[in-house]
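Subject: Structure handover

Hi,

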Amino acid sequence: EWHWQTVWFHRSLERDHLAVEVRPCAGESDADAAERGLPTGGNGFHHARWERHRDGGATYLLAWDGEDVVGHVLLLAGSRYAEATSALGDLPEVSALGVAERTRRRGVGTALMGAAAGVAQEQGARRLGLAVEADNEAATTLYRRLGWVRQPDIAVVDEWAWTDERGVEHEERDACDYWLLDLPRAAVGGG
C-alpha cells in the first residue's frame, strides 16, 4: 500500500547553513540512526518517540545530513499542558527539539520547526504551541525569529524523567513559558 508523504528540504542562502532533509521517522532503523546521531545514553527516547509516531499520537521528524541524523522534533497531536489547553483550546504542540552539537546554528532547528509547522498545517491546525524554559536564550531567539509569540498569561511546568548511565532514574520539573505560532490556512486544490 502506497501513501503520500511530504519530505522537507531546507536550503539556506547563508554559506554556513547545512542542507538537510527532514522526514518522519520511518521505523526502528531510523530510531537507531537518531540514537547514533543524538545519543541519549541508552534511555530509549528515540524508540519511544518512534512508537508514539507509529501509534498515531505524534509525528516524529528527523533531520538528515546524508546518512546521519542531526536533529529531531516531536509534533504532538495535542498539548500536554492543561494550562495551555484551558487558555487556547486543543492544539498540536512541538516538543523535544534537539540538534546535534556539531550542526547547531546551521539552520537545522529552523528546518525542523518549519517541517513541524508544515505537518500541523497539513493536518488542519490553525495554531501550534510549545513550552520552553525562559532562560533558554538560543531557543527563544529562534522561536521569536520564526514568528512564535510568547503567551505571557500561560506558564507551564514540564515534568519528565530520565535514567543516567548507572541506571539511576531522575525526575525533572522545569518552569516554562508557553509560545504560540499562528499558521496560515493550508492551500486547497492545485493550480
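Which exposed residues does the face of α1 turned away from its buried side carry? They are S29 and R36. Before going on, please note that this is a predicted model.

**Helix α1**

The helix spans residues 28–37. Its buried residues include D30, A31, A33 and A34. These four cover an arc of only 155° around the axis, so they sit on the same side of α1. The buried residues pack against several elements: β2 (20–24), α2 (45–54), β3 (58–65) and β4. S29 and R36 are exposed on the face turned away from that buried side.

Next, look at E93. It is in strand β5. Is E93 buried or exposed? E93 counts as buried, because its relative accessibility is 1% and the cut-off is under 20%.

Two polar contacts involve the side chain of E93. One is with the side chain of Y178, at 2.5 Å. In the other, a polar atom of the E93 side chain lies 3.1 Å from the backbone nitrogen of R80.

E93 also has a list of contacts beyond its neighbours within four places in sequence. Among them are L74, L75 and L76. G78, S79, R80 and Y81 are on the list too.

**Salt bridges**

How many salt bridges does a search of the whole structure find? The search finds 7. Three of them are worth a look on screen.

- R80 and E93: the closest N and O atoms are 3.9 Å apart. R80 lies in the loop between β4 (68–76) and α3 (82–88), and E93 in strand β5, so the pair ties together parts that are 13 residues apart in sequence. R80 is partly exposed, with a relative accessible area of 38%.
- E159 and R173: their side chains meet at 2.3 Å, N to O. E159 is in strand β7 (residues 149–163) and R173 in strand β8 (residues 169–182), so this pair ties together parts that are 14 residues apart in sequence. R173 is exposed, with a relative accessible area of 59%. Separately, salt bridges that share partners join R80, E93 and D158 into one network.
- D55 and R54: the closest N and O atoms are 3.2 Å apart. D55 counts as exposed, at 58% relative accessibility. R54 is partly exposed, at 47%.

Finally, check the backbone at two places. Most residues other than glycine have a negative phi.

Phi of A96 is near 60°, a positive value in a residue other than glycine. A96 lies in strand β5 (residues 93–99). A96 is partly exposed, with a relative accessible area of 27%.

R105 has a positive phi of about 65°, and it is not a glycine either. R105 lies in the loop between β5 and α4 (108–122). At 70% relative accessibility, R105 counts as exposed.

**Where to start**

I would begin with E93. This residue is buried, makes a polar contact with Y178 and forms a salt bridge with R80. Then turn to α1 and compare its buried residues with S29 and R36 on the face turned away from them.

Best wishes

Definitions and conventions: Residues are numbered from 1 along each chain as its sequence is written. This is a predicted model: local features need pLDDT of at least 70, side-chain atom pairs count only at pLDDT 80 or more; totals for chains, interfaces and linings use all residues. Side-chain values use heavy atoms; hydrogens and water are left out. Helices (H or I, at least four residues) and strands (E, at least two) are DSSP runs, numbered from the N terminus. Buried means under 20% relative accessible area, exposed over 50%, partly exposed in between (1.4 Å probe, protein chains only). A polar contact is a pair of N or O atoms within 3.5 Å; within protein, one must be able to donate a hydrogen and the other to accept it, and residues adjacent in sequence count only if both atoms are side-chain atoms. Contact means heavy atoms within 4.5 Å. A salt bridge is a side-chain nitrogen of Lys or Arg within 4 Å of a carboxyl oxygen of Asp or Glu. The arc is that of the directions from the helix axis to the C-beta atoms.
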